[in-house]
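I opened the notebook to record what I looked up in this model. Entries follow in the order in which I worked.

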Amino acid sequence: MAEPTVAKTTPDSPAPIPSAPAAPAKRTPERSSSMSPIAPKDFGYEQARHLLWRAGFGGTPAQIQTLASWGPQKAVDYVLDPGNAPEDKPRSDLFDKNIMREPTAEERKAQLAARQRQDEDALAKFRIDQQRRQGQDRQQIGEVQRWWLKRMIETPRPLDEKMVLFWHGHFATSYRTIENSYHMFMQNELFRRHALGNFGDLLYGIIRDPAMLKYLNNDTSRKGHANENLAREIMELFSLGIGGYSENDIKEGARALTGYTFKDDDFVFDKNNHDAGSKTILGKTGTFDGEAFVKIILEQPGVSRLITRKLYHFFCAELPPLERAGYDQLPAPQQSALRDLASTFSGSRYAIKPVLRRLFLSQHFYDPRNMNEQIKCPVELVVGAVRSLDTPVRDLSILNDALDLMGQNLLFPPSVKGWDGGRSWINTSTMFVRQNILAFLLTGKKPRGYDANASDMNYDPLPLLDELAKASPGSEKDPGAVAEYMLRLTIGDAPSAATKQLTSLADTTGGSVTKELVIGYLLLITAMPEYQLC
Amino acid sequence: MDLHNSPAFTRRKFLYGGLTLASTAWTIPAFLGSSADVMAGMLGQGLSSTPGVDDNRILVVVQLGGGNDGLNTVIPYGMDAYYKARSGIGIKQTEVLKLTEADGIGLHTRMTALKELYDNGLVSIVQGVGYPNPDRSHFKSMDIWQTAERDATGDGWLGRYVDSECCGYGKGESGKPEPAKAVEPPIAIGRTAPLALQGRSSKPVSFESAELFRWSGEDIHEALREPYHALNRRGQDGSAGSDTNADFLMRTALDAQISSDKIRKAVAQKSLVPYPGNELGRQLQMVGAMIRADLKTRVYYVTLGGFDTHAGQGGAQGRHGNLLANFADSIKAFYADLKAQGNDQRVLTMSFSEFGRRVAQNASGGTDHGTAAPMFLFGPMVRRGVIGSHPSLTDLDQGDLKYLIDFRSVYAGILEQWLQADSKKVLGATYKPVVAIRNG
């Protein structure tokens with residue numbers, strides 16, 4: 001595969017690099033649970049680094065310094081809307097939409113005729129054609145995966161892509177069930193259109209989304225034989241959360257959604273299969289259709305609470321799932337943060353940006369207990385490494401396979417619940433995959449099972465030291481200073497055990513700071529347990 | 001120092017100082033405590049099994065994910081209501097594999113391998129297994145089965161079993177570990193470790209394929225080796241009482257180092273019999289290899305997914321039938337392997353799914369989430385036959401089967417009669433054990 005170019009955008013017209021040392025000051029000792037904005041004086045290298053990781057996929061030393069110099073308001077404005085960075089709209093002709101198209105009327109007729117006259121040859125042809133198209137579509141879903149992965153690596157608007165990842169986990173739909181790569185692509189676009197937009201719009205969009213209609217079997221749900229799958233998950237997972245509805249609400253909601261199906265790539269409301277009778281949903285009675293069902297749900301206060309809880313969990317700090325811990329079972333500072341965010345969300349009528357702005361500016365977000373304590377999902381690990389260390393991408397197929405081995409096969413979430421996340425990413429074997437895919441990015445050393453030839457694309461990590469040289473000329477030649485600087489860049493801290501091991505590597509390999517030594521540092525750092533956190 | 005073209009160097013000697021760790025703090029994985037002797041044996045004498053040893057009993061759990069349609073697995077072909085409710089996907093009487101000593105009950109057409117095992121006395125079927133007030137959410141119901149609790153908030157039931165063995169405590173108690181009694185953590189084949197195996201102190205080992213089970217950076221430059229191992233063994237310094245994600249990662253990194261050589265060596269052995277190429281076959285083949293290598297692990301966990309057949313599940317042939325064929329063929333190969341090893345008497349296998357499916361098929365040629373379903377137990381030690389009666393197909397609860405046997409009674413039987421553990425301690429309540437083991 002050809003090497004994709006990594007065109008990452010640094011904030012435009014970077015402010016002068018502050019004269020503050022590259023190694024940041026110690027963390028502020030006070031632990032705030034306040035949702036009030038962080039003071040500019042408390043927003044430094046560590047906070048900017050934290051913001052870049054959580055609201056994106058990490059930053060290079062120059063990006064971190066620039067955001068730090070801007071202060072919290074401008075930095076958060078920038079990550080929410082990177083100004084003149086182009087909003088990239090994917091072209092709709094990127095992928096072939098016809099691979100899995102339904103047979104035309106003529107084709108169906110021909111097939112039926114062949115069956116009637118028991119023409120085994122003709123029938124075999126149809127079968128083979130079907131198998132061929134399924135094979136093509138399997139290839140195309142791989143292309144869609146790599147395309148999205150490349151976008152996340154290259155985008156000048158990382159928060160948009162991170163929100164697409166959030167929605168993909170929230171409205172989880174798997175190719176394995178729907179077997180239509182173009183519909184997966186369309187759904188991915190739906191998430192991108194509403195990435196930082198309005199949750200209500202997205203929920204209305206999802207009941208008309210072919211991939212979702214197929215995944216939760218609503219495409220065959222009809223009057224008198226309602227399939228409850230979509231109605232159940234809309235309430236349980238997508239909007240209200242367990243406990244916010246009754247079994248009867250599900251049954252009635254399923255009736256409202258009957259006839260919501262699709263043809264080819266378009267939503268179709270099949271009036272003949274729709275149950276237009278009276279329903280009672282969440283205390284309201286009427287001849288509701290799917291849109292009315294969504295409207296009733298959006299009037300429930302549970303929506304703000306569930307969605308902001310999930311946003312908080314994704315961006316700020318892990319929370320146990322709702323079914324394990326109700327809101328009142330959470331620690332008090334988190335309860336008050338969640339209340340604050342939920343009220344912002346309902347106040348903005350489900351606009352996403354105000355909630356994220358509130359969170360990213362809050363003192364709570366920068367509470368030391370919330371920093372470097374989130375386990376990177378595999379996508380964050382891989383995309384974040386490429387973006388923050390500026391490594392070559394090397395081979396998107398290998399990166400994509402590694403995501404799968406680490407438990408995050410994009411477009412194939414394990415269930416409608418999405419990925420569990422947190423500690424579930426980590427076990428003794430994913431630990432090795434995580435270490436090994438980083439070794440691959442840094443050196444081209446391929447994971448086992450692939451052609452053993454090392455990639456000849458060399459990685460030059462020395463430009464990462466530019467900020468160190470600017471802040472403290474000469475330090476970039478000191479193995480000890482470089483070790484500390486690299487540790488603060490990669491894991492946000494420089495534990496003495498790690499500094500000691502890194503400098504011992506420098507001692508055994510000649511003692512001067514070379515490209516190879518810095519790669520050696522990075523190999524060791526990225527294999528450290530702490531590197532799994534952000 | 002050239003990081004790109006260094007020749008690989010010989011791998012580090014196994015354990016690398018780990019043998020001295022057995023007496024340190026409880027944060028050390030149980031793996032370390034008891035396994036030094038095993039590993040020494042493996043390294044010194046190569047892989048060996050210990051045929052005929054039955055005081056070291058093993059449980060293998062097969063999870064059928066998605067909600068297996070029990071009615072089309074163990075088929076009540078003697079009940080008219082079955083055919084009425086399933087005009088499209090019902091299995092014709094002539095296509096059912098009828099079971100002896102089980103009136104009107106048979107297996108799905110594609111399960112010939114299990115029929116054979118049944119005839120050879122290796123299969124026990126517990127009918128109508130479920131729990132009160134059933135939950136039809138995949139996740140909740142799976143958690144209920146894995147925790148053995150109706151509210152599904154606690155640790156996994158097998159994690160609690162290992163805790164109670166190694167550390168003298170079970171549900172709700174705290175106790176001090178006794179390293180001398182430490183047992184091996186359970187092993188799950190798969191990307192994630194199932195909740196069932198998560199104990200308070202005992203954490204499972206899990207991996208998808210054994211070749212990916214080491215750091216490739218070791219081959220890049222020799223000078224990286226020592227710092228790497230130093231940094232990845234900091235977990236042994238312990239961090240008692242603290243359980244941040246960083247502590248968790250530290251412990252897992254240490255675990256990974258210890259398990260790596262041991263397991264790769266076991267799985268590299270060629271199996272004694274061929275296994276089917278499907279996902280479950282591959283997993284059971286690995287389990288068979290680890291049992292043969294005499295790992296002291298007592299609990300293994302494998303998973304076959306895809307049973308959420310809301311649409312187009314098929315009848316005697318088709319999607320559901322393919323899954324059942326994979327299941328049956330893999331189990332048969334597994335027991336052939338164990339028998340060839342001389343280990344079959346030591347290994348009990350249990351299969352379950354989070355729920356069965358509705359009695360009536362839906363408009364999409366599939367079935368929606370239901371309630372009770374049969375469980376299988378495999379091995380030469382089981383009571384051959386069908387336990388319990390088939391739930392009524394006419395006396396239903398809103399279109400769903402009423403369960404007759406609580407799944408925790410099946411667990412209790414396995415704990416008491418097979419693992420010789422105190423089921424009350426593990427399950428937190430007394431359940432009347434289902435007697436599925438001979439001479440139990």
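Entry 1: Leaving aside neighbours within four places in sequence, which residues is B:Met290 in contact with? I remind myself that this is a predicted model. I looked up B:Met290 and found contacts with B:Ile187, B:Ile263, B:Ala266, B:Val267, B:Leu295 and B:Thr297. I then checked the largest nonpolar core, which has 275 residues. B:Met290 is among those with the most contacts inside this core, along with A:Val382, A:Tyr521, A:Leu524 and B:Leu59. Helix 7 of chain B, residues 245-267, gives the most to this core, with 11 residues. I noted a general rule beside this: in soluble globular proteins, nonpolar side chains tend to be buried together.

**Entry 2: chain A as a whole.** I counted elements next. Chain A has 23 helices and 4 strands. Buried residues make up 51% of its 534 residues. I asked how the radius of gyration of chain A stands against that of a compact globule. A compact globule with 534 residues would have a radius near 24 Å, and chain A has 25 Å, so the two agree. Along the principal axes, the C-alpha atoms of chain A fill a box of roughly 80 × 60 × 45 Å. I also looked at contacts in chain A between residues at least 6 apart in sequence. Of these, 74% join residues at least 24 apart.

**Entry 3: chain B as a whole.** I found 11 helices and 12 strands. Of the 440 residues in chain B, 59% are buried. For contacts between residues at least 6 apart in sequence, 71% join residues at least 24 apart in chain B.

**Entry 4: strand 9 of chain B.** I picked strand 9 of chain B, residues 347-353. Is this strand mostly covered or exposed? It is mostly covered, with 7 of its 7 residues buried. I checked both faces of strand 9 of chain B. On one side B:Val347, B:Thr349, B:Ser351 and B:Ser353 are buried.

I then looked for partners. Strand 1 of chain B runs parallel to strand 9 of chain B, and 7 bridges join them. B:Val62 has B:Ser351 as its bridge partner in strand 9 of chain B. B:Ser351 also has a bridge partner in strand 10 of chain B, B:Phe376.

**Entry 5: strand 10 of chain B.** I moved on to strand 10 of chain B, residues 373-378. This strand is mostly covered, and 6 of its 6 residues are buried. Strand 9 and strand 10 of chain B pair in the antiparallel sense over 3 bridges.

**Entry 6: a loop residue.** I looked up B:Asn68, in the loop between strand 1 (58-64) and strand 2 (74-75) of chain B. Why does B:Asn68 count as buried? It has 28 other C-beta atoms within 10 Å, and the cut-off is 20 or more. Not counting residues up to four places away in sequence, B:Asn68 touches B:Thr73, B:Phe307, B:Ser353, B:Gly356 and B:Ala373. I also took a C-alpha to C-alpha distance: B:Asn68 and B:Gly305 are 9.3 Å apart in space and 237 residues apart in sequence.

**Entry 7: an open sheet.** I ended with an open sheet of 3 strands in chain B, with the order 2-4-3 and antiparallel pairing. Strand 2 and strand 3 (97-98) of chain B each have a single partner strand, so one side of each is left without a neighbour in the sheet. Strand 2 is joined to strand 4 (residues 106-107) of chain B by 2 bridges. B:Val74 stands opposite B:Leu107 in strand 4 of chain B.

Note on methods. Residues numbered from 1 in each chain as written. Chains lettered and ligands numbered in written order. Predicted model: local features only at pLDDT ≥ 70, side-chain atom pairs only at ≥ 80, totals over all residues. Buried ≥ 20, exposed ≤ 12 C-beta atoms within 10 Å, placed from the backbone. Pairing = 2+ DSSP bridges. Contact = placed C-beta atoms within 7 Å. Core = buried A, V, L, I, M, F, W, Y, C linked by C-beta atoms within 7 Å. Rg over C-alpha atoms; globule rule 2.2 N^0.38 Å.
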